[in-house]
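Please consult the sequence and structure shown here alongside the text.

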Amino acid sequence: MLVAVATLLSGVGAEAPAAALRSGPDLAVGPTRQGADTGYVAPVPGVDPPTGVERPFDPPEHEWGPGHRGVDLGAAVGSPVVSPGPGVVTFAGRVAGRGVVVVTHPDGLRSSLEPVTGSVPEGAAVAAGTTLGTVEDAGGPGQAGHCAPRSCVHWGVRRGERYLDPLTLLHRPPIVLLPPL
């Protein structure tokens, strides 16, 4: 019975392409403090995922298929947005009418955050937790906010062209199911 439960929890039998898209960076297990091993923090202060996640990562089954290539973190308009890790701001501007800030990290990952009114210029070096700007109202005239009717910050992470689950960057101890005593 334990073997059957372990098999179900490990995802054995999952389709290889979806499993490959859903995998994240390899992270060692260590201290339980957020970002303790990885150097990454949630980009919305006060949000401690999974609490505060409005919509989780849901990669497409196929490269160009539908899905959600990041996570949405609940955040009030005007609240601060911080760099999830150390790096350099490689883009700060508007895309499709929304403010976007991109931080390229030393490990090759790129974090994109939107809708954010940026306060840090392109080329600026930032540490994890450095304020990048504030949450902007993405529900302007003719536009529905990404998390309408609430507001949120969308955090996407890519390695090359491959999207990863941003929450895998935040250290969380593994959940272990123990048999009843």
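A salt bridge joins the side chains of glutamate 161 and arginine 158, with an N to O distance of 3.2 Å; the term denotes a side-chain nitrogen of Lys or Arg within 4 Å of a carboxyl oxygen of Asp or Glu. The model is a predicted one, in which local features need pLDDT of at least 70 and side-chain atom pairs count only at pLDDT 80 or more, while totals for chains, interfaces and linings use all residues. Residues are numbered from 1 along each chain as its sequence is written, and side-chain values use heavy atoms, with hydrogens and water left out.

**Salt bridges**

- The structure contains four salt bridges, one of which is the pair of glutamate 161 and arginine 158.
- Glutamate 161 is exposed, at 62% relative accessible area, whereas arginine 158 is partly exposed, at 23%. Here buried means under 20% relative accessible area, exposed over 50%, and partly exposed in between (1.4 Å probe, protein chains only).
- Glutamate 54 and arginine 150 form another salt bridge, their closest N and O atoms lying 2.8 Å apart. Glutamate 54 belongs to strand S1 (residues 53-55) and arginine 150 to the loop between strand S9 (131-135) and strand S10 (152-159), so this pair ties together parts 96 residues apart in sequence.
- Within that pair, glutamate 54 is partly exposed at 33% relative accessibility, and arginine 150 is exposed at 53%.
- Glutamate 136 and arginine 94 also meet through their side chains in a salt bridge (3.1 Å, N to O). Distant parts of the chain are linked by this pair, since glutamate 136 sits in the loop between S9 and S10 and arginine 94 in strand S4 (residues 87-95), 42 residues apart.
- Glutamate 136 counts as buried, with 10% relative accessibility, while arginine 94 is exposed, with 53%.

**Secondary structure**

- Two helices and 11 strands make up the elements of the protein chain. Helices (H or I, at least four residues) and strands (E, at least two) are DSSP runs numbered from the N terminus.
- Their order from the N terminus is α-α-β-β-β-β-β-β-β-β-β-β-β.

**Burial, contacts and surface**

- The protein chain has 181 residues, of which 35% count as buried.
- Of the contacts (heavy atoms within 4.5 Å) between residues at least 6 apart in sequence, 63% join residues at least 24 apart.
- The accessible surface of the protein chain is about 10100 Å², and 62% of it belongs to carbon and sulfur atoms. Accessible areas come from the Shrake-Rupley method with a 1.4 Å probe; for residues, only the protein chains shown count as cover.
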